[in-house]
Amino acid sequence: MKLQPIEGWLLERYAKQTCDDPWSIKRYSACRLLKESGVPCYLWAEDALAYYGVPTAVFDVHIVVGDVKKAADALVERGWHPPPPDFEAPYIDVEEATCYLVEPQCKSAGPSDSVIALTAASDWDIKLPDIATQTSRHHQRTARWPFIPALHQLLDSLIRRWLDTPDAHCFFRSHIRCFLGYLYEYVPILKLREFAGYLKVEHRQYHLDVVAGVSYTREPFRIHSQKVRDSILRGEYEFRECSVSRDDDQFFTAGVEAHLLAMLPPANHK
């Protein structure tokens, strides 16, 4: 049976990332310890993006769990501990929602030290796997790592978080916007309209708009997409190829940018 482009690409991606035992990767040792403690989890942020081919650097190891306190207690029992007092969380505006821990042998929290950031799955609107399905070994070459979220789950979560993060957390929201930009830039199957069918119904028009070429990381589009999402949830919306006019410079900025460039004086080459 011939695979569809989306499923085929995913299987190829999983094969490229194949590993006999991903639980044994040192950077992800906290995931293994959480599993051994009966705490399901997903790897998040830059590590999850990198798994799907985004050429990003990785920083703190962000892990999504069902119960942050339970997960933190499980790691503390294994010797993990809070970072030193001079540690600065990367997102001060959401620091209270994140628990940071460092490995037992770490006495600092510098760039080369492994810092774990635990956040709640409820904050990301994502369903974690049943702990029984997160097997200790990884037998299938074309299977996704057990602690990596499915691509559609990751995208659904990031879209929802970008749409709903309030202005008070604008710095964090801009980071989520970057994640979305990276995924749509570097993951080829996200350029297919058909991927909308994998997403939650309330996020499908967002995807269709992005594929149509909307300047999707700008604030006017975020506000517009909130309204569209809410209309979909009320059952009052009819899907279309693109939800905004291509003549609207708020949403299609390529023409504006070209006009501004044309107004610049010619370069004086000597």
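Modeller: The lining of the second largest cavity is made up of Leu 163, Glu 202, His 203, Gln 205, Tyr 206, Asp 209, Ser 225, Val 228, Arg 229 and Ile 232. Two elements, helix 8 (204–211) and helix 9 (219–233), each give two or more residues to this lining. Helix 9 provides the largest share, four residues. Sorted by class, the lining has four nonpolar, three polar and three charged residues; here Ala, Val, Leu, Ile, Met, Phe, Trp, Tyr, Cys and Pro count as nonpolar, Asp, Glu, Lys and Arg as charged, and the others, Gly among them, as polar.

A word on terms: on a 1 Å grid over the protein atoms alone, a cavity is a set of points where a 1.4 Å probe fits but cannot get out, and lining residues have an atom within 4 Å of a point. Helices are DSSP runs (H or I, at least four residues), numbered from the N terminus.

This is a predicted model, where local features need pLDDT of at least 70 and side-chain atom pairs count only at pLDDT 80 or more, while totals for chains, interfaces and linings use all residues. Residues are numbered from 1 along each chain as its sequence is written, and side-chain values use heavy atoms, with hydrogens and water left out.

The second largest cavity holds about 50 Å³ of space, and a search of the whole structure finds two cavities of 30 Å³ or more. Each volume is the space filled by probe spheres set on the grid points, which are joined across faces, edges and corners.

Now to the surroundings. Helix 8 and helix 9 are also among the elements that cover the buried residues of helix 7, along with helix 3, helix 5 (121–124) and helix 6. Those buried residues include Phe 172, Arg 173 and Tyr 184, where buried means under 20% relative accessible area with a 1.4 Å probe, protein chains only. Helix 7 itself runs over residues 170–186 and reaches 24 Å from its first C-alpha to its last.

In the loop between helix 6 and helix 7 sits Thr 165. Thr 165 counts as buried because its relative accessibility is 3%. Leaving aside residues up to four places away in sequence, Thr 165 touches Phe 172, Arg 173 and Arg 222, a contact being heavy atoms within 4.5 Å. A polar atom of the Thr 165 side chain also lies 2.5 Å from the backbone oxygen of Arg 161.

Key
1 Å grid on protein atoms, 1.4 Å probe; cavity = no way out; pocket = protein on both sides within 12 Å on 5 of 7 lines; lining within 4 Å. Expected span 1.5 Å × (residues − 1). Buried < 20%, exposed > 50% of the residue type's maximum accessible area, 1.4 Å probe, protein only. Polar contact = N/O pair within 3.5 Å; in protein donor to acceptor, adjacent residues only side chain to side chain.
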